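Here's a quick briefing to read alongside the sequence and the 3D view. Have both open as you go through the points.

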Amino acid sequence: MIRVTRKLEFSAAHFYHNPNLSAEENRRIFGKCNNPHGHGHNYVLEVTVAGEPDPATGMVLDLKELKDILQREVADRMDHRHLNYEVPELAGKIPTCENIAAVIWRLLEPRITKGKLDRVRVYESADLFADCTVEPNGAGGRA
Amino acid sequence: MSKPLKLSLTRRYRFAASHRLYSPDFSEAENKRLYGKCGNPYGHGHNYVVEVTITGTVDDETGMIANLGELDPFVERAVIEPFDQRYLNEEIAEFKGSVPTTENICREIFRRLETFPAARLERVRIEETSNNSFEYTGDLETVQGSAG
């Protein structure tokens, strides 16, 4: 099996706030990420597709197709947007990189027809990223 | 919800430390053959990068596996504070009896972080230099090295 990874950068604004909690609780849990004016990141998305290369083309999938899927499903939705207000898939969720990765997984998974989506990695900064994969045995973490 | 998804969060930390690869169980000649210039008696140092990966349920209330407000100080106290700007052979008790290779540093850091209460520690990956990295997932068989 071969894993193919394509990268996409997008820039977006967000802040962390749970309306079910008091202002004080929000400040305690989310710290400066709770600033209601929001702040932004240059997100880096890495999408990995796994599969066997087609013997005729030598490719697991056409990277140009994957690039177009990432543009439509992710960049068009999230690039230069405010994740709290402008991305319906994130409505009601705190836009952490864990939740962004899970949302992107669900957007991409049905669109990948050659190979299988193997991993979605979302970097919020060079020192922080979330990975979304399929639970191998149904136990452990979930979103 | 369709298939159960697995989420993990990885945070990168840094410390700078010196070490020397030398084992008193081997002769001088064997040490020289095994460890080469890493056995220089005065030691040498690296800017280590430690990648800590945790996994667990994403809390609906916070959207997080664990709050970095808890993870950062935990790693700081357990690893960065004791390791940063130190001579690992002498100043970390665990390396009095073992050679501070990055394999062993991986295991030691994993051991120190395993008790993080808010999530399950999945992996510790250390870049000793930008060309050498090592990772440990808690199973004694799985320290994996990569050199590029």
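In chain A, the cover over the buried residues of α2(A) includes the strands β1 (2-14), β2 (39-51) and β3 (81-82), plus the helices α3 (83-86) and α4 (97-108). Keep in mind that this is a predicted model. The points below start with that helix, then go to a loop histidine and a helix pair in chain B.

**Helix α2 of chain A**
- Under that cover sit the buried residues of α2(A), namely L66(A), I69(A), L70(A), V74(A) and M78(A).
- In general, residues three or four places apart on an α-helix point the same way, because there are 3.6 residues a turn.
- The helix, residues 63-78, isn't straight: α2(A) bends by about 40° at Q71(A).
- After α2(A) comes H80(A), and its phi is positive, near 60°.

**H37 of chain A**
- You'll find H37(A) in the loop that links α1 (23-30) to β2 in chain A.
- H37(A) and H14(A) are 23 residues apart along the chain, with 8.6 Å between their C-alpha atoms.

**Helix pair in chain B**
- Helices α2 (residues 68-83) and α4 (residues 102-113) of chain B have axes that come within 10 Å and cross at roughly 140°.
- The crossing of α2(B) and α4(B) is right-handed.
- On the α2(B) side the contact uses V75(B), A78(B) and V79(B), which meet I109(B), R112(B) and L113(B) of α4(B).
- Sorted by class, that contact has five nonpolar residues, one charged and no polar ones.

Definitions and conventions:
Residues are numbered from 1 along each chain as its sequence is written. Chains are lettered from A and ligands numbered from 1 in the order in which they are written. This is a predicted model: local features need pLDDT of at least 70, side-chain atom pairs count only at pLDDT 80 or more; totals for chains, interfaces and linings use all residues. Axes are lines fitted to C-alpha atoms, for helices over the stretch in contact, and angles run from 0 to 180 degrees between N-to-C directions. Helices (H or I, at least four residues) and strands (E, at least two) are DSSP runs, numbered from the N terminus. A crossing is left-handed if the near helix is turned anticlockwise from the far one by less than a right angle, and right-handed if clockwise. Two residues are in contact if their C-beta atoms, placed from the backbone, lie within 7 Å. Ala, Val, Leu, Ile, Met, Phe, Trp, Tyr, Cys and Pro count as nonpolar, Asp, Glu, Lys and Arg as charged, and the others, Gly among them, as polar. The bend at a residue is the angle between axes fitted to the seven residues ending there and the seven starting there. A residue is buried if 20 or more other C-beta atoms lie within 10 Å of its own, exposed if 12 or fewer, and partly exposed in between; C-beta atoms are placed from the backbone.
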